[in-house]
Amino acid sequence: MSKPNIIQLSEFDITQKIIESLSNVCTRAVLFSIKNESKDATQIADELKISISTVYKTLSNLEELALAEVDKFVISPEGKKIKQYRSRIGKVEITLTDLEPTLQLYPNTSNPKTNTS
């Protein structure tokens, strides 16, 4: 059995997953959109001019990586409970040392978490 290479070793590493996610322009756009204020998926899709399914997929990935969270719920005029998302991170630093990158995440302080009814 051959020895795994660096890429294979890092494949399931959370740092690697976050760096790969942040390298995606859509992911970054969604994070920037929800950094200063909470928004629902429709607001994000309209603002960024991307499909609602892409927004939901991106938000799901961001939640899985703990980079975004549901900030609060609002009730629509039709009585539906709608999730409002916010970025959990305000700043990211990636440092390249040796063969492994170092990832430093800083909390989002521009939008303190509100009540999640």
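Visitor: Which residue forms a salt bridge with lysine 39, and how far apart are the closest N and O atoms?

Guide: Side chains of opposite charge can pair when their charged atoms come close. A salt bridge here is a side-chain nitrogen of Lys or Arg within 4 Å of a carboxyl oxygen of Asp or Glu. Lysine 39 pairs in this way with glutamate 47, with 2.4 Å between the closest N and O atoms. This is a predicted model: local features need pLDDT of at least 70, side-chain atom pairs count only at pLDDT 80 or more, and totals for chains, interfaces and linings use all residues. Residues are numbered from 1 along each chain as its sequence is written, and side-chain values use heavy atoms, with hydrogens and water left out.

Visitor: Is lysine 39 buried or exposed?

Guide: Read relative accessible area: buried means under 20%, exposed over 50%, partly exposed in between (1.4 Å probe, protein chains only). Lysine 39 counts as buried because its relative accessibility is 9%. Glutamate 47 has 41%, so it counts as partly exposed.

Visitor: How many salt bridges does the structure hold?

Guide: The structure holds 4. One of them joins glutamate 69 to arginine 86, the closest N and O atoms being 3.0 Å apart. That pair links distant parts of the chain: glutamate 69 lies in strand β1 (residues 68-75), arginine 86 in strand β2 (residues 81-87), 17 residues apart. Glutamate 69 is buried at 17% relative accessibility. Arginine 86 is buried too, at 4%.

Visitor: How do β1 and β2 pair?

Guide: First, the terms. Strands (E, at least two residues) and helices (H or I, at least four) are DSSP runs, numbered from the N terminus. Two strands pair if DSSP finds at least two bridges between them. β1 and β2 pair in the antiparallel sense over 7 bridges. Arginine 86 in β2 is also the bridge partner of glutamate 69.

Visitor: What about β3 and β4?

Guide: Strand β3 (residues 89-97) and strand β4 (residues 100-107) are antiparallel, with 8 bridges. Their hairpin has 2 residues between the strands, and aspartate 98 in the turn has a positive phi of about 55 degrees. Lysine 91 stands opposite tyrosine 106 in β4.

Visitor: Which side chain meets lysine 91 in a salt bridge?

Guide: Glutamate 93 does, at 3.3 Å, N to O. Salt bridges that share partners also join Glu69, Arg86 and Arg88 into one network. Glutamate 93 is partly exposed at 32%, and lysine 91 is partly exposed at 44%.
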